[in-house]
There are 2 protein chains.
Amino acid sequence: MAQPASLAEVWRGPFQESHHVGHAVICDGTGQIVDAWGDATAVVLPRSSSKMIQALPLLASGAADGRGLTSEQLALACASHQGAPIHVTRVNRWLADLGLGDGALCCGPQVSRDTELKLEMIRAQDPPCRVHNNCSGKHAGFLTLAQHLGAGPDYVTPDHPVQRACLDAFETVTGETSPGFGIDGCSAPNFATSMHGMARAMAWFATAGQRSDTMSSAAARLVAAMHTHPELVAGEGRACTRLMRVAKEPVALKTGAEGYFIAILPNRGLGIAVKAADGATRAAECAIAALLVRLDVLDPAHPEVKAFLNPLVHNWDGLVTGEIKPAPGLLA
Amino acid sequence: MAQPASLAEVWRGPFQESHHVGHAVICDGTGQIVDAWGDATAVVLPRSSSKMIQALPLLASGAADGRGLTSEQLALACASHQGAPIHVTRVNRWLADLGLGDGALCCGPQVSRDTELKLEMIRAQDPPCRVHNNCSGKHAGFLTLAQHLGAGPDYVTPDHPVQRACLDAFETVTGETSPGFGIDGCSAPNFATSMHGMARAMAWFATAGQRSDTMSSAAARLVAAMHTHPELVAGEGRACTRLMRVAKEPVALKTGAEGYFIAILPNRGLGIAVKAADGATRAAECAIAALLVRLDVLDPAHPEVKAFLNPLVHNWDGLVTGEIKPAPGLLA
């Protein structure tokens, strides 16, 4: 088992103050590793980076088309959105279309990460709703599939037909038998796989447009929905949204809690998985930006790229006190 | 140079999801290493863990006694407080005693981390003040020393007499020439030293009561102020406050940004320095709790200790989804 590799350095003045290590794998459409850092065999929970996999049964089952879901809704099914009005209004409308309300969501309430809405709700003394949870779009998708299958409302229990379909899809696209699951921040099972398995899955998504089977067609539509609606996948200010917007070609990017990040590159037929071993978001963002610069998908001179590839660290008084840099080994 | 050692594991269900490594050193009063994990020669910025060192000149110069500072004020000078009313009212009164206002602080404004006050200020549309900055007590101390020295108001510039005095004190107690500084979150210089140097400094504080020189007397008073007023050093809910309150003997504990934590153990004459290499607070809190359990300063069965030694991870719906565990090597 290889040791974790250097991913990102945190500098303060002339000192490297902190250091992030982890794993990164780039796979091609045959499932072969093109490049790897750290341990490609490390078993991980990809967390929200696997949402496009969890959305596959929604489409492949016919549930999405049966309900006439739009590409906006497909993007929301794959999203870790920040609970801004553009997200909340769409998920609320989706729930209403299903004849359901906030209480049908099993994801727990989360304070909006949209600053304006958050402050407005605090001033109005409105408690956060489940629809504000970053996973509410995924859960609206789960509910849509559950209705289509005629299954019960406890759609996050591991043996519910919705989750059994998610596990089937997960094992198909990772090419591995999942060794188990953890319970995610939104109470749904999150299936484990190796770093190689996750990168292989992302390459399978990247090459989906070259195949005509039902699952691949579903994958291609989800990838298209993600890069067509980057603001719905995350939100203003967020890495997924900002980096998808400035990429030189259509790509799907998705963060996951505890330092996960994936990239799906249809033009190259490549998939990337990144995991910061310590779970740090700042490291995963920096590393995925570096790998996308390496592949010439992102321009390192673009300010939106620099904001994640080499962000400045500011203090409470607004002074620049340091910077985050990608590990040199990722860039070239 | 030794590699970083394992400090803490983050588990989700049956999977170790994330892993924190870093450095830890325990020193005795002679400056010798009693125990070490990772690299004792690693050069680090101890950040707010060094506040009791930065407060030494305030006392040793006679400035504190000239102004009649209380032990509460000395505790605040060493604090990373959460900007709760108990902190803010005391620092405001201190500033008024100096004939100064919020604008004299060079630390930048920071939103209060006291939930009730934060929400109240948002509802009142009151912007955060500099006095709410976690470092405002340290800065009130700097201002007190600057007045005593008849020095100018730019007390955070590295060549200001206040900062020159801080550097002198820092090099004295670490027993090392500092290789330089970074600018801290509050705009003051933060001097670098090795992990060994910082642990040696904390052991010097721990044994200060056994010596009668001016600097040692100052150190003993600062340590006493910290463990006498744990709620002023951090605040309700915070690791420093909660762990000092339940320790089996008087100890001074202090966190620092980017995964730093120190302990001063006067009854043992020992000092401890911990640095999570990745900068994670959760890892530093877990590791310092583990080392204090190892030394029988904390009871691992006490719920307040368990909250940092082995905290449960909850999700948005309140379910327990995992736990953080100290690396076994720290406990025994």
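The side chains of Arg90(A) and Glu72(A) meet in a salt bridge, 2.8 Å from N to O, a salt bridge being a side-chain nitrogen of Lys or Arg within 4 Å of a carboxyl oxygen of Asp or Glu. Arg90(A) lies in helix 5 (residues 85-97) of chain A and Glu72(A) in helix 4 (residues 71-77) of chain A, so the pair ties together parts that are 18 residues apart in sequence; helices (H or I, at least four residues) and strands (E, at least two) are DSSP runs numbered from the N terminus. This is a predicted model, in which local features need pLDDT of at least 70 and side-chain atom pairs count only at pLDDT 80 or more, while totals for chains, interfaces and linings use all residues. Residues are numbered from 1 along each chain as its sequence is written, chains are lettered from A in the order in which they are written, and side-chain values use heavy atoms, with hydrogens and water left out.

**Salt bridges**

- Over all chains, a search of the whole structure finds 24 salt bridges.
- Four salt bridges are found across the interface of chain B and chain A.
- Arg282(B) forms a salt bridge with Glu258(A), where the closest N and O atoms are 2.8 Å apart.

**Interface of chain B and chain A**

- In chain B, 43 residues are in contact with 43 residues of chain A, contact meaning heavy atoms within 4.5 Å.
- The two chains bury about 3,400 Å² between them, 53% of it on carbon and sulfur atoms; buried area is the accessible area (1.4 Å probe) that two parts lose on being put together, summed over both.

**Largest pocket**

- The largest pocket holds about 1,000 Å³ of space, where a pocket, on a 1 Å grid over the protein atoms alone and with a 1.4 Å probe, is an open set of points with protein on both sides within 12 Å along at least five of seven lines, and a volume is the space filled by probe spheres set on the points.
- Of the 37 residues that line the largest pocket, the closest to its centre are Pro4(A), Val21(A), Ala277(A), His19(B) and Val21(B), lining residues having an atom within 4 Å of a point.
- Strand 2 of chain B gives the largest share of this lining, eight residues.
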